[in-house]
Amino acid sequence: MQEEQVILVDENDNQIGLMSKMEAHEKAVLHRAFSVFIFNDNNELMLQQRAMHKYHSPGLWTNTCCSHQRNGETNLQAGKRRLQEEMGFVTALKETTSFMYKAPFDNGLTEHEYDHIMIGHYNDAPILNPEEAADWKWMSLENVKSDMADNPENYTAWFKIIFEKFYEFINIDKS
């Protein structure tokens with residue numbers, strides 16, 4: 001099986017090439033990615049605990065799912081595909097914002113991503129793919145924010161960045 005390719009982009013999110021996912025993370029090359037946030041009727045966020053064998057950030061809590069778009073795939077198509085692959089369900093998604101970030105990891109890899117944030121709604125329990133997720137839970141944004149402040153080591157780098165800088169784009173309870 002051929003290694004997954006990521007879409008290399010410039011700082012305006014224009015596609016400039018393709019590269020293997022591992023090589024892009026080894027070389028810290030800017031590439032396109034997405035982060036999905038699923039909320040229930042109680043405005044709680046579905047969190048995912050990454051599988052323990054992931055090559056970076058294993059066992060850490062993060063947003064509902066995240067990954068990389070495939071060549072020719074829209075952000076929404078990619079989000080729905082990966083939501084099904086990781087969490088076992090599909091729901092309508094809406095794009096909210098995008099941003100660039102760079103986060104080096106202890107294992108020598110670096111995430112350098114142009115990340116597209118999407119939100120959706122779902123009330124049922126997911127059917128986890130154990131290759132991707134070890135566990136899941138619903139949490140209010142206030143409880144996530146509080147726990148993240150008290151235990152930042154339990155959360156992925158990108159989730160902390162999104163939470164700190166783009167809270168207004170994921171906070172669907174704006175009443």
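Mentor: Let us start with Arg-81, which forms a salt bridge with Glu-85, the closest N and O atoms being 3.3 Å apart; a salt bridge here is a side-chain nitrogen of Lys or Arg within 4 Å of a carboxyl oxygen of Asp or Glu. This is a predicted model, in which local features need pLDDT of at least 70, side-chain atom pairs count only at pLDDT 80 or more, and totals for chains, interfaces and linings use all residues. Residues are numbered from 1 along each chain as its sequence is written, and side-chain values use heavy atoms, with hydrogens and water left out.

Trainee: Where do Arg-81 and Glu-85 lie?

Mentor: Both are in helix H2, four residues apart, about one turn of the helix; helices (DSSP runs of H or I, at least four residues) and strands (runs of E, at least two) are numbered from the N terminus.

Trainee: Is Arg-81 buried or exposed?

Mentor: Arg-81 is buried, with a relative accessible area of 14%, whereas Glu-85 is partly exposed at 27%; buried means under 20%, exposed over 50% and partly exposed in between, with a 1.4 Å probe and protein chains only.

Trainee: Which residues are linked with them in a network of salt bridges?

Mentor: The network also includes Lys-54, Arg-70, Glu-73, Arg-82, Glu-86 and Glu-132.

Trainee: Changing topic, what follows H2?

Mentor: Gly-88 follows H2, and its phi is positive, near 75°. Another positive phi, near 90°, belongs to Gly-108 in the hairpin of E7 and E8, which has five residues between the strands.

Terms used
Two strands pair if DSSP finds at least two bridges between them.
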